Amino acid sequence: MTDTDSLTPEEITALFTRADGQYHFARWGRPIVPIVFGVQEETLQIMKGALEAIAALSGHKLAETDPEIGANLMIFFFRDWQELLEVPNLDHMLPGLQDLVVRLDDAGATHYRTFRFDDQGAIRACFSFVRMDEAMAEVPAETIALGQAVQMILAWGNEAWTGRSPLGLARGAAVLRPEVAAVIAAAYDPVMPAVSGDASHALRLFARANMMREKAEAASARMAQDMAEAKLAPKG
(Lines give C-alpha, C1' and ligand atoms only; values in the text may rest on other atoms or scores of the structure.)
Protein backbone atom coordinates (compact mmCIF):
# COMPACT_ATOMS: atom_id res chain seq x y z
CA MET A 1 0.00 0.00 0.00
CA THR A 2 1.07 3.52 -0.65
CA ASP A 3 1.47 6.34 1.82
CA THR A 4 -1.04 8.58 0.03
CA ASP A 5 -4.21 9.88 1.65
CA SER A 6 -6.42 7.28 -0.03
CA LEU A 7 -6.17 3.77 -1.33
CA THR A 8 -6.02 3.24 -5.09
CA PRO A 9 -8.58 1.06 -6.91
CA GLU A 10 -5.87 -1.58 -7.29
CA GLU A 11 -5.15 -1.56 -3.56
CA ILE A 12 -8.84 -1.86 -2.73
CA THR A 13 -9.16 -4.74 -5.18
CA ALA A 14 -6.28 -6.50 -3.42
CA LEU A 15 -8.03 -6.08 -0.06
CA PHE A 16 -10.85 -8.34 -1.25
CA THR A 17 -8.97 -10.82 -3.42
CA ARG A 18 -8.89 -14.44 -2.28
CA ALA A 19 -5.98 -16.85 -2.50
CA ASP A 20 -7.43 -18.24 -5.75
CA GLY A 21 -7.26 -14.78 -7.33
CA GLN A 22 -11.03 -14.21 -7.26
CA TYR A 23 -12.53 -10.94 -6.04
CA HIS A 24 -14.93 -11.54 -3.16
CA PHE A 25 -16.57 -8.78 -1.15
CA ALA A 26 -19.02 -9.42 1.69
CA ARG A 27 -20.29 -7.38 4.61
CA TRP A 28 -22.55 -8.39 7.49
CA GLY A 29 -26.16 -9.05 6.53
CA ARG A 30 -27.53 -9.06 10.07
CA PRO A 31 -26.82 -7.27 13.36
CA ILE A 32 -23.59 -8.36 15.02
CA VAL A 33 -23.90 -10.15 18.36
CA PRO A 34 -20.43 -10.51 19.91
CA ILE A 35 -19.20 -12.70 22.71
CA VAL A 36 -15.60 -12.73 23.93
CA PHE A 37 -13.92 -15.60 25.78
CA GLY A 38 -10.71 -15.74 27.78
CA VAL A 39 -10.20 -12.13 28.91
CA GLN A 40 -10.53 -10.24 32.16
CA GLU A 41 -13.28 -7.67 32.70
CA GLU A 42 -11.09 -4.64 31.96
CA THR A 43 -9.96 -6.15 28.67
CA LEU A 44 -13.54 -7.09 27.84
CA GLN A 45 -14.51 -3.43 28.15
CA ILE A 46 -11.73 -2.45 25.76
CA MET A 47 -12.87 -5.11 23.29
CA LYS A 48 -16.45 -3.91 23.61
CA GLY A 49 -15.34 -0.33 22.97
CA ALA A 50 -13.47 -1.36 19.82
CA LEU A 51 -16.47 -3.26 18.44
CA GLU A 52 -18.81 -0.37 19.20
CA ALA A 53 -16.45 2.09 17.52
CA ILE A 54 -16.20 0.04 14.32
CA ALA A 55 -19.96 -0.50 14.30
CA ALA A 56 -20.50 3.26 14.63
CA LEU A 57 -18.08 3.89 11.76
CA SER A 58 -19.82 1.41 9.47
CA GLY A 59 -23.34 2.31 10.56
CA HIS A 60 -24.03 -1.37 11.15
CA LYS A 61 -25.84 -2.49 14.28
CA LEU A 62 -24.75 -4.47 17.31
CA ALA A 63 -27.42 -6.50 19.08
CA GLU A 64 -27.95 -8.54 22.23
CA THR A 65 -28.87 -11.80 20.51
CA ASP A 66 -29.14 -13.43 17.12
CA PRO A 67 -32.46 -15.29 16.76
CA GLU A 68 -30.79 -18.13 14.88
CA ILE A 69 -27.53 -18.82 16.72
CA GLY A 70 -27.49 -16.52 19.76
CA ALA A 71 -24.03 -14.97 19.33
CA ASN A 72 -22.73 -14.68 15.77
CA LEU A 73 -19.32 -13.13 16.49
CA MET A 74 -17.21 -15.30 18.77
CA ILE A 75 -13.72 -14.13 19.74
CA PHE A 76 -11.49 -16.51 21.69
CA PHE A 77 -8.27 -15.57 23.52
CA PHE A 78 -6.08 -18.40 24.81
CA ARG A 79 -2.46 -19.52 25.28
CA ASP A 80 -2.39 -22.86 23.47
CA TRP A 81 -4.28 -24.07 20.39
CA GLN A 82 -5.06 -27.33 22.20
CA GLU A 83 -7.36 -25.39 24.52
CA LEU A 84 -9.87 -25.07 21.69
CA LEU A 85 -10.50 -28.80 21.80
CA GLU A 86 -11.86 -28.35 25.33
CA VAL A 87 -14.46 -25.72 24.36
CA PRO A 88 -17.92 -27.36 24.55
CA ASN A 89 -19.64 -27.77 21.16
CA LEU A 90 -17.01 -25.79 19.28
CA ASP A 91 -16.37 -28.82 17.08
CA HIS A 92 -20.04 -28.68 16.04
CA MET A 93 -19.65 -25.10 14.88
CA LEU A 94 -16.24 -25.72 13.28
CA PRO A 95 -16.18 -29.12 11.56
CA GLY A 96 -12.67 -30.54 11.36
CA LEU A 97 -11.61 -28.62 14.46
CA GLN A 98 -9.04 -31.20 15.56
CA ASP A 99 -7.23 -31.15 12.21
CA LEU A 100 -7.36 -27.37 12.18
CA VAL A 101 -5.80 -27.17 15.65
CA VAL A 102 -2.98 -29.47 14.54
CA ARG A 103 -2.23 -27.32 11.47
CA LEU A 104 -2.29 -24.05 13.40
CA ASP A 105 -0.20 -25.50 16.22
CA ASP A 106 2.41 -26.87 13.79
CA ALA A 107 2.55 -23.49 12.01
CA GLY A 108 3.01 -21.56 15.27
CA ALA A 109 0.07 -19.37 14.29
CA THR A 110 -1.19 -16.62 16.59
CA HIS A 111 -4.40 -15.79 14.70
CA TYR A 112 -7.13 -17.59 12.84
CA ARG A 113 -10.45 -16.25 11.57
CA THR A 114 -13.25 -17.85 9.61
CA PHE A 115 -16.60 -16.55 8.36
CA ARG A 116 -19.97 -18.14 7.69
CA PHE A 117 -22.25 -16.70 5.01
CA ASP A 118 -26.00 -16.66 4.43
CA ASP A 119 -27.83 -17.76 1.29
CA GLN A 120 -27.16 -14.40 -0.38
CA GLY A 121 -23.47 -14.50 0.50
CA ALA A 122 -23.51 -11.85 3.25
CA ILE A 123 -21.69 -12.54 6.53
CA ARG A 124 -23.86 -14.36 9.07
CA ALA A 125 -21.18 -15.40 11.60
CA CYS A 126 -17.49 -15.00 12.38
CA PHE A 127 -15.17 -17.06 14.60
CA SER A 128 -11.90 -15.39 15.57
CA PHE A 129 -9.08 -16.96 17.57
CA VAL A 130 -6.08 -15.21 19.13
CA ARG A 131 -3.25 -17.18 20.73
CA MET A 132 -1.56 -15.00 23.32
CA ASP A 133 2.07 -16.08 23.10
CA GLU A 134 4.85 -14.04 24.71
CA ALA A 135 5.08 -11.61 21.79
CA MET A 136 1.31 -11.04 21.67
CA ALA A 137 1.25 -10.50 25.43
CA GLU A 138 3.46 -7.43 24.90
CA VAL A 139 0.96 -5.84 22.48
CA PRO A 140 -1.39 -3.29 24.11
CA ALA A 141 -4.91 -4.60 24.61
CA GLU A 142 -6.34 -1.63 22.68
CA THR A 143 -4.27 -2.53 19.63
CA ILE A 144 -5.39 -6.15 19.67
CA ALA A 145 -9.03 -5.19 20.25
CA LEU A 146 -9.13 -2.63 17.45
CA GLY A 147 -7.36 -5.00 15.08
CA GLN A 148 -9.90 -7.73 15.82
CA ALA A 149 -12.81 -5.35 15.31
CA VAL A 150 -11.47 -4.13 11.97
CA GLN A 151 -10.83 -7.61 10.63
CA MET A 152 -14.28 -8.96 11.48
CA ILE A 153 -16.31 -6.11 9.95
CA LEU A 154 -15.68 -7.26 6.35
CA ALA A 155 -14.58 -10.50 4.71
CA TRP A 156 -11.13 -9.23 3.76
CA GLY A 157 -8.95 -11.11 1.30
CA ASN A 158 -6.29 -13.58 2.40
CA GLU A 159 -3.40 -11.14 2.00
CA ALA A 160 -5.26 -7.93 2.88
CA TRP A 161 -3.08 -6.89 5.81
CA THR A 162 0.12 -8.87 5.36
CA GLY A 163 2.01 -5.93 3.88
CA ARG A 164 0.76 -3.21 6.18
CA SER A 165 -1.52 -3.02 9.19
CA PRO A 166 -4.91 -1.30 8.97
CA LEU A 167 -3.87 0.49 12.15
CA GLY A 168 -1.52 3.39 12.68
CA LEU A 169 -0.21 5.30 15.67
CA ALA A 170 -1.29 8.68 16.99
CA ARG A 171 0.35 10.00 20.15
CA GLY A 172 1.56 6.49 20.88
CA ALA A 173 -1.90 4.90 20.69
CA ALA A 174 -3.32 2.61 18.01
CA VAL A 175 -5.80 4.26 15.64
CA LEU A 176 -7.57 3.13 12.50
CA ARG A 177 -5.90 4.59 9.43
CA PRO A 178 -8.31 7.14 7.87
CA GLU A 179 -8.06 5.61 4.39
CA VAL A 180 -9.09 2.23 5.81
CA ALA A 181 -11.90 3.88 7.77
CA ALA A 182 -13.13 5.42 4.50
CA VAL A 183 -13.24 2.01 2.81
CA ILE A 184 -15.20 0.50 5.70
CA ALA A 185 -17.67 3.38 5.74
CA ALA A 186 -18.08 3.13 1.96
CA ALA A 187 -18.57 -0.64 2.13
CA TYR A 188 -21.58 -0.19 4.40
CA ASP A 189 -23.14 2.68 2.47
CA PRO A 190 -26.75 1.64 1.75
CA VAL A 191 -26.24 2.25 -1.98
CA MET A 192 -23.52 -0.41 -2.08
CA PRO A 193 -24.31 -4.14 -2.38
CA ALA A 194 -23.78 -6.46 0.57
CA VAL A 195 -22.01 -8.99 -1.65
CA SER A 196 -20.02 -8.79 -4.88
CA GLY A 197 -17.79 -11.09 -6.88
CA ASP A 198 -17.10 -8.51 -9.59
CA ALA A 199 -13.79 -6.64 -9.33
CA SER A 200 -15.48 -3.52 -10.76
CA HIS A 201 -17.05 -3.26 -7.30
CA ALA A 202 -13.66 -2.01 -6.08
CA LEU A 203 -13.99 1.01 -8.38
CA ARG A 204 -17.31 1.86 -6.78
CA LEU A 205 -15.75 1.46 -3.33
CA PHE A 206 -12.90 3.75 -4.36
CA ALA A 207 -15.29 6.46 -5.54
CA ARG A 208 -17.50 6.16 -2.48
CA ALA A 209 -14.54 6.12 -0.08
CA ASN A 210 -13.22 9.36 -1.56
CA MET A 211 -16.63 10.98 -1.12
CA MET A 212 -16.74 9.84 2.51
CA ARG A 213 -13.11 10.65 3.34
CA GLU A 214 -13.81 13.66 5.57
CA LYS A 215 -16.55 11.80 7.45
CA ALA A 216 -14.27 8.80 7.91
CA GLU A 217 -11.43 10.95 9.27
CA ALA A 218 -13.78 12.44 11.85
CA ALA A 219 -15.06 8.97 12.76
CA SER A 220 -11.51 7.69 13.09
CA ALA A 221 -10.70 10.53 15.50
CA ARG A 222 -13.82 9.78 17.56
CA MET A 223 -12.86 6.13 17.58
CA ALA A 224 -9.49 6.95 19.13
CA GLN A 225 -11.25 8.96 21.83
CA ASP A 226 -13.78 6.19 22.47
CA MET A 227 -11.00 3.63 22.81
CA ALA A 228 -9.18 5.86 25.29
CA GLU A 229 -12.35 6.20 27.34
CA ALA A 230 -12.88 2.43 27.28
CA LYS A 231 -9.34 1.95 28.53
CA LEU A 232 -9.88 4.41 31.40
CA ALA A 233 -13.38 3.26 32.30
CA PRO A 234 -13.64 1.82 35.83
CA LYS A 235 -14.53 -1.84 36.27
CA GLY A 236 -18.20 -2.65 36.41
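Is Asp-106 buried or exposed? Asp-106 is exposed, and its relative accessible area is 66%. Keep that residue in mind as you go through these views of a predicted model.

**View 1. The whole chain at a glance.** Welcome to a protein chain whose secondary structure amounts to nine helices and eight strands. Its C-alpha trace spans about 45 × 40 × 35 Å along the principal axes.

**View 2. A network of salt bridges.** Four residues are linked here: Arg-30, Asp-66, Glu-68 and Arg-124. Side chains of opposite charge can pair when their charged atoms come close. Look for the salt bridge between Asp-66 and Arg-30, where the closest N and O atoms are 3.1 Å apart. Asp-66 sits in the loop between helix H2 (41–58) and strand S3 (73–78), and Arg-30 in the loop between strand S1 (25–26) and strand S2 (34–37), so this pair ties together parts 36 residues apart in sequence. Asp-66 is buried at 5% relative accessibility, and Arg-30 is buried too, at 17%.

View 3. Arg-124 forms a salt bridge with Glu-68, with 2.6 Å between the closest N and O atoms. Because Arg-124 lies in strand S5 (residues 123–131) and Glu-68 in the loop between H2 and S3, the pair ties together parts that are 56 residues apart in sequence. Arg-124 counts as buried, at 18% relative accessibility. In the whole structure, a search finds six salt bridges.

**View 4. Helix H7, mostly covered.** Helix H7 runs over residues 178–187, and nine of its 10 residues are buried. Among them are Val-180, Ile-184 and Ala-186. Glu-179, another buried residue of H7, has a relative accessible area of 8%. The side chain of Glu-179 meets that of Arg-177 in a salt bridge, 3.0 Å from N to O. Arg-177 is buried as well, at 5% relative accessibility.

**View 5. Phe-206 and Ala-186.** Phe-206 has its place in helix H8, residues 201–211. At 25% relative accessibility, Phe-206 counts as partly exposed. Phe-206 and Ala-186 are 20 residues apart in sequence, with 8.2 Å from C-alpha to C-alpha. Ala-186 belongs to the buried residues of H7.

Methods: Residues numbered from 1 in each chain as written. Predicted model: local features only at pLDDT ≥ 70, side-chain atom pairs only at ≥ 80, totals over all residues. Heavy atoms only, no water. Buried < 20%, exposed > 50% of the residue type's maximum accessible area, 1.4 Å probe, protein only. Helix = DSSP H or I, 4+ residues; strand = E, 2+ residues; numbered from the N terminus.
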